[in-house]
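Reader: I am new to reading protein models, and I would like to go through this one with you step by step. Could you please show it to me first?

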Amino acid sequence: MTTTSLPEILISGSGIWTPSNIITNEELVASYNAYAEKFNSDHKTAIESGEMEEKPLSSARFIEKASGIKARYVYSKEGILDIHRMRPEFPERKEEQISNQAEIAVKAARKAMAAAGKTAADIDAVIVSCAYTQRAYPAIAIEVQNELGIDGFGFDMLVACSAATFGLHRAYDCLASGSAKCVLAINPELVTPQVNYCDRDSHFIFGDVSTAIIMERAETCTSANNYEILSTKAMTRFSSNIRSNFGHMSRATDVDPYGWDKLFHQAGRKVFEEVSPIAAIHINDHLASHDIKPADVKKYWLHQANIHMNKMVIKQLLGENVPSEATPTIIDRYANTASAGLLIAFHLHNDDLKKGDIGVICSFGAGYSVGSLVLRKR
Ligand code: CO8
């Protein structure tokens, strides 16, 4: 854990880009079920002989009940709902064109910069942190840096569900060490290309979004809405319960580069049961290091993977009957947006905090990874 005796480091602006396309549970389930029925009819003989497994049908009611998700925003909609395609469709861009991910990163970044009252000249580091980058190099962050006209340095980092919090941790470290004076940390979560829309258990989980944060030292801050970071805290513990094996090795191993295990897959129930207590203990310990009691926290901006998971974490921290304003939920509209969900919640639900109020940002999930920041409204 890092402490904030010196210097005072702030979040001074946030921004979000939301795709214009929405897919409701009903639309998604109708297309999946049409795909599954066609699959079962096309493979009737093999299914009857036991060579193949029947595709089970999905249910909009199950999805909302099990996860809290009602709809999701997606960058590209038609391909996902096309039962002959079952994946989004992106026209390939030429090398001289901006990449899709840099494009949505820039859109969120400009909003965060405006909120913090910063121009490109004020910023000297760009961190792009998310679950996937669409290429290995050059870094998306360097492309964003170039688009925005920022001097200094940029780099990409991948920490799945905890990419946003771990990115903010790195921004904090840059500012604390003096290697940067103002950091733009962005989470362009373009995850729908990695969703297996033919898998009933996971086809409903994800949506696309981009979030951005400006962090700087107190002496340069001009924004009226800003938060002191009291400290950051991270932990990781290896688990394959949430996994994607997509990667550059597929070319050499001669396997199908788009096989089911190369896409997102998980043991959702195990994740739920194992990660919730880890997250609650992590938050409790982080707050205790500042002599803050869980009940003294005004807002918990938590990872948005499952509404019941968040309720379980909050129950372990605060008991029953916690007002919903204390733990903003956006998963109903956005679904799981990998690492970005907690920053959507932060961006949309921080205006009722008063000077001195404490808030906690906390991610938990793949890795396993847990990352938190304790904030104080200034
Ligand atoms: N429709 C109908 N029935 C279904 C469906 C469906 N769509 N899906 C599953 N079922 C069935 C199951 O097959 C099972 O049937 P049976 O009892 O006959 O075996 C039954 O419903 C119950 O299944 P589960 O026990 O799996 O259901 P849960 O109540 O556990 O709910 C969830 C499933 C919603 C997936 C839940 O377990 C969950 O959300 N767990 C938490 C998982 C989590 O947090 N994961 C982290 C995700 S990773 C991340 O956040 C970001 C990094 C990765 C980015 C990747 C981008 C692509």
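This is a predicted model: local features need pLDDT of at least 70, side-chain atom pairs count only at pLDDT 80 or more; totals for chains, interfaces and linings use all residues.

Reader: Which residues is phenylalanine 364 in contact with, leaving aside its neighbours within four places in sequence?

Author: Contact here means heavy atoms within 4.5 Å. With neighbours within four places in sequence set aside, the partners of phenylalanine 364 are Cys161, Ser162, Val275, Ala279, Leu302, His303, Met309, Asn310, Val313, Ser369 and Val370.

Reader: How many residues does the largest nonpolar core have, and which element gives the most to this core?

Author: A nonpolar core is a set of buried Ala, Val, Leu, Ile, Met, Phe, Trp, Tyr and Cys residues joined through side-chain atoms within 4.5 Å, where buried means under 20% relative accessible area, exposed over 50%, and partly exposed in between (1.4 Å probe, protein chains only). Phe364 is among the residues with the most contacts inside the largest core, which has 53 residues. Helices (H or I, at least four residues) and strands (E, at least two) are DSSP runs, numbered from the N terminus, and the element that gives the most to this core, with eight residues, is α9.

Reader: Which element gives the most to the shell around the ligand?

Author: The ligand is surrounded by 28 residues, a residue being near if one of its heavy atoms lies within 4 Å. Both α3 (60-67) and α9 (268-288) supply at least two residues of this shell, and the one that gives the most, with four residues, is α9.

Reader: How far is a polar side-chain atom of asparagine 336 from an oxygen atom of the ligand?

Author: For arginine 200, an N or O atom in the side chain is 2.9 Å from an oxygen atom of the ligand. For asparagine 336, the distance from a polar side-chain atom to an oxygen atom of the ligand is 2.8 Å.

Reader: Is alanine 335 buried or exposed?

Author: Alanine 335 is placed in the loop between α11 (331-334) and α12 (341-348), and it has a positive phi of about 60° although it is not a glycine. Because its relative accessibility is 0%, alanine 335 counts as buried.

Note on methods:
Residues are numbered from 1 along each chain as its sequence is written. Side-chain values use heavy atoms; hydrogens and water are left out. A polar contact is a pair of N or O atoms within 3.5 Å; within protein, one must be able to donate a hydrogen and the other to accept it, and residues adjacent in sequence count only if both atoms are side-chain atoms.
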